[in-house]
Amino acid sequence: FASEAALLVLMHAIARAAGRPLDAASPMADGRLPDGSRFNAVVRPVAADGPALTIRKFRRDVKGAEDLVTGGTWTQRMATFLSACVRAKANVIVSGGTGAGKTTTLNVLTSFVPRDQRIVMIEDVGELSAAVENRVLLEARPPVPGDPGVSVRALVVNAMRMRPDRVIVGECRAAEAYDMLTAMNTGHEGSMTTIHANSAREALRRLESMVLMAGTEMPLRAVRQHVSSAIHFVVHMARGGDGVRRMVEIVEVAGMEGEGILTQDVWAWTADGGFRP
């Protein structure tokens, strides 16, 4: 760009088209471009070195289960196992770091849902692109001056009134985790979401923290009982040093043991042994 001003003109145009405020009062904007790419824009005063625009572009073609097998993300046996879990209405969490392939994996798992089941998909910024016909897409709206916006948590609560067979939340970041778990425990089996974590078991600990953030004032043991009864499997994604995104863990949640959540490995990937059940 010829100047900072030229960059700001583009950033404001992008934010305005996406319906996101971007100024000194709201110096951060996150949204979706018309082609499905995600953008993040920061301006002064939070951007100390000047404005910065980040655009994350995604594949135009939607990956399927066979594409993940070919790409080394999982094996055919793992795909068959998880397909059976989804059809059996197991509640699944996909965990991993940024860029680990969580959304792609959630898209593929969602494609296993039988066509006669009604899905409500909820996202902060729309990324899910699974080819599901019987679905309703809901997207959060950030607060702006004079408008409180609509949070992901509010959308999860509203989804319960829409007669969904399953609820899919693009990512649980905060208090909406409590409402998501409640949905899983109250007749919406087969629901799924993603969460940032460094391992499958760390994802369960993060869920505990997010439930406590909801202000429920539940004792920790009750929170763990809530989590262990709602979640059946945690699928953990990681990007290796070779750049390949792999499903490095499939962990089953097997209830409580004493004061802790009991888990057992179903599949795990190691550098020397590959995928092993």
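This is a predicted model: local features need pLDDT of at least 70, side-chain atom pairs count only at pLDDT 80 or more; totals for chains, interfaces and linings use all residues.
Local features rest on residues with pLDDT of at least 70 and side-chain atom pairs on pLDDT 80 or more, whereas totals for chains, interfaces and linings use all residues. Residues are numbered from 1 along each chain as its sequence is written, and side-chain values use heavy atoms, with hydrogens and water left out.

Two packed helices are described by the angle between their axes and the distance between the axes. Axes are lines fitted to C-alpha atoms, for helices over the stretch in contact, and the angles run from 0 to 180 degrees between N-to-C directions; helices (H or I, at least four residues) and strands (E, at least two) are DSSP runs numbered from the N terminus. Helix α5 (residues 152-159) packs against helix α6 (residues 176-185) at an angle of about 20°, and their axes are 8 Å apart. The two helices are therefore roughly parallel, a term for angles under 35 degrees, while those over 145 count as roughly antiparallel, 65 to 115 as roughly perpendicular and the rest as oblique. Where contact means heavy atoms within 4.5 Å, Val152, Arg153, Val156 and Val157 of α5 meet Glu176, Tyr178, Asp179 and Met180 of α6. The residues of this contact comprise five nonpolar, no polar and three charged, with Ala, Val, Leu, Ile, Met, Phe, Trp, Tyr, Cys and Pro counted as nonpolar, Asp, Glu, Lys and Arg as charged, and the others, Gly among them, as polar.

Helix α6 also meets helix α8 (residues 220-230), the axes coming within 9 Å and crossing at roughly 55°, so that α6 and α8 are oblique to each other. On the α6 side the contact involves Tyr178, Leu181, Thr182, Met184 and Asn185, and on the α8 side His226, Val227, Ser229 and Ala230; by class, five of these residues are nonpolar, four are polar and none is charged.

Gln117 lies in the loop between α4 (102-111) and β5 (119-123) and is buried at a relative accessible area of 12%, where buried means under 20%, exposed over 50% and partly exposed in between (1.4 Å probe, protein chains only). Leaving aside neighbours within four places in sequence, Gln117 is in contact with Lys89, Asn134, Asp165 and Arg166. By contrast, Ala25, in the loop between α1 (4-17) and β1 (28-32), is exposed at 67% relative accessibility. The C-alpha atoms of Ala25 and Asp49, which are 24 residues apart along the chain, are separated by 18 Å.
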